[in-house]
Amino acid sequence: MIKKKYNQCFDVCERNSQYLKLSIDRSKGKLPEMEVAKAYSKIISQLKLKNFSILDVGCLTGHFYFSFKKRINKKFTYFGIDPWKNHINAAKRIWNKDNNVDFKLGWAQKIPHKKKFDVVICSNVLTHIPEITVPLKEMLRVTNKYLILRTPIHDKSYRIQMVLNSKWFKYTNVPPAKEFDKKGNPMAYEYFDVHSRDFMSSVVKKINPKSKIKFIKDNFFNKKLIMNKKEKKLASTRVINGMQVADLLILPHHFVIIKK
Ligand SMILES: C[S@@+](CC[C@H](N)C(=O)[O-])C[C@H]1O[C@@H](n2cnc3c(N)ncnc32)[C@H](O)[C@@H]1O
């Protein structure tokens, strides 16, 4: 049996020590910052906020904090949540001397905070979650001013699953012959969903009718820096004709800025 919660597979993160090491090295500044972390720093810096709080949903080991500290020239506190113990324990170890941060174990579907944060961010996470209305409701519940998502957005939605097998992904026990069950469903997988602008807007408006929503295409990246061949990920990014491509998927990344 493959361990799952909210229809997400544990195989993707629970034992993926390679991904964990990558994130630890990035959080410690031993690897280059991600282009998306730089973009978030720019967007947050431009908000008319001072002395504010940030909640990072799906924070991995808190590598965004490394970039924010360096690039956001304002006073802020940073909180991170992630569902995987290995990510959160590593984050706590890395940042244990920093009083400005706090990390908690938690899912976007059930955020372990009662208080609100001025800025809530969620980067490269919603695409991996098959049902996004509950996470959006949760994130808006804890948002005081801005919720800023970074996720693939298009005029149509696509349901996409990358199917894992043990031949090329050593953290799953599913052999190639068993990739699909008898009903044709993948055994171990990672979603890479694309959501339509209309669906995203209607979900947000239903939860929070007064909110303002803005879609900004992610053109912030530097092509050379984003194509770091040394970094081994499930689907590393390449740029083809100006579009970000992960393995064979074109990912139309956008920042979705929701103002409450
Ligand atoms: C692709 S990584 C993105 C990490 C970071 N936000 C970034 O943009 O570099 C996805 C992260 O989301 C976390 N994650 C996966 N499912 C989640 C969920 N349901 N709620 C919160 N975080 C989740 C994973 O553990 C992982 O750290």
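This is a predicted model: local features need pLDDT of at least 70, side-chain atom pairs count only at pLDDT 80 or more; totals for chains, interfaces and linings use all residues.
1. Two strands pair if DSSP finds at least two bridges between them. A strand here is a DSSP run (E, at least two residues), a helix is another (H or I, at least four residues), and both are numbered from the N terminus. With that in hand, look at S3 and S6: they pair in the parallel sense over three bridges.

2. Residues are numbered from 1 along each chain as its sequence is written.

3. Now the overall picture. The protein chain has seven helices and 15 strands, and its C-alpha trace spans about 55 × 40 × 40 Å along the principal axes. For 260 residues, a compact globule would have a radius of gyration near 18 Å, and the 18 Å of the protein chain agrees with that. (The radius of gyration is taken over C-alpha atoms, and the globule rule is 2.2 Å times the number of residues to the power 0.38.)

4. How much of the chain is buried? Of its 260 residues, 35% are buried. Buried means that 20 or more other C-beta atoms lie within 10 Å of the residue's own, exposed means 12 or fewer, and partly exposed is in between, with C-beta atoms placed from the backbone.

5. Back to S6 (residues 117-123). Six of its seven residues are buried, so the strand is largely enclosed by the rest of the structure. S6 also runs parallel to strand S7 (residues 143-154), joined to it by six bridges. Serine 123, for instance, has arginine 150 as its bridge partner in S7.

6. The largest nonpolar core has 59 residues, and those with the most contacts inside it are Val57, Val119, Val120, Ile121, Cys122 and Met139. (Such a core is a set of buried Ala, Val, Leu, Ile, Met, Phe, Trp, Tyr and Cys residues joined through C-beta atoms within 7 Å.) In soluble globular proteins, nonpolar side chains tend to be buried together.

7. Setting aside neighbours within four places in sequence, its contacts are Val57, Ala108, Ile111, Val120, Cys122 and Leu147. A contact needs the two C-beta atoms, placed from the backbone, to lie within 7 Å.

8. Next, the ligand. 20 residues surround it, and the closest are Gly58, Leu60, Ala108, Ser123 and Asn124; to count as near, a residue's C-beta atom, placed from the backbone, must lie within 6 Å. The shell divides into 12 nonpolar, seven polar and one charged.

9. Two bridges join S13 (residues 243-246) to S14, and valine 245 has isoleucine 250 as its partner in S14.

10. Finally, two asparagines are worth a look. Asparagine 7 has a positive phi of about 65° although it is not a glycine, and its place is the loop between strands S1 (4-5) and S2 (8-9). Asparagine 7 counts as exposed because it has 10 C-beta neighbours inside 10 Å. Asparagine 51 has a positive phi of about 50°, and it is not a glycine either. Asparagine 51 lies in the loop between helix H2 (35-45) and strand S3 (52-57), and is exposed, with 9 other C-beta atoms within 10 Å.

Definitions and conventions: Ala, Val, Leu, Ile, Met, Phe, Trp, Tyr, Cys and Pro count as nonpolar, Asp, Glu, Lys and Arg as charged, and the others, Gly among them, as polar.
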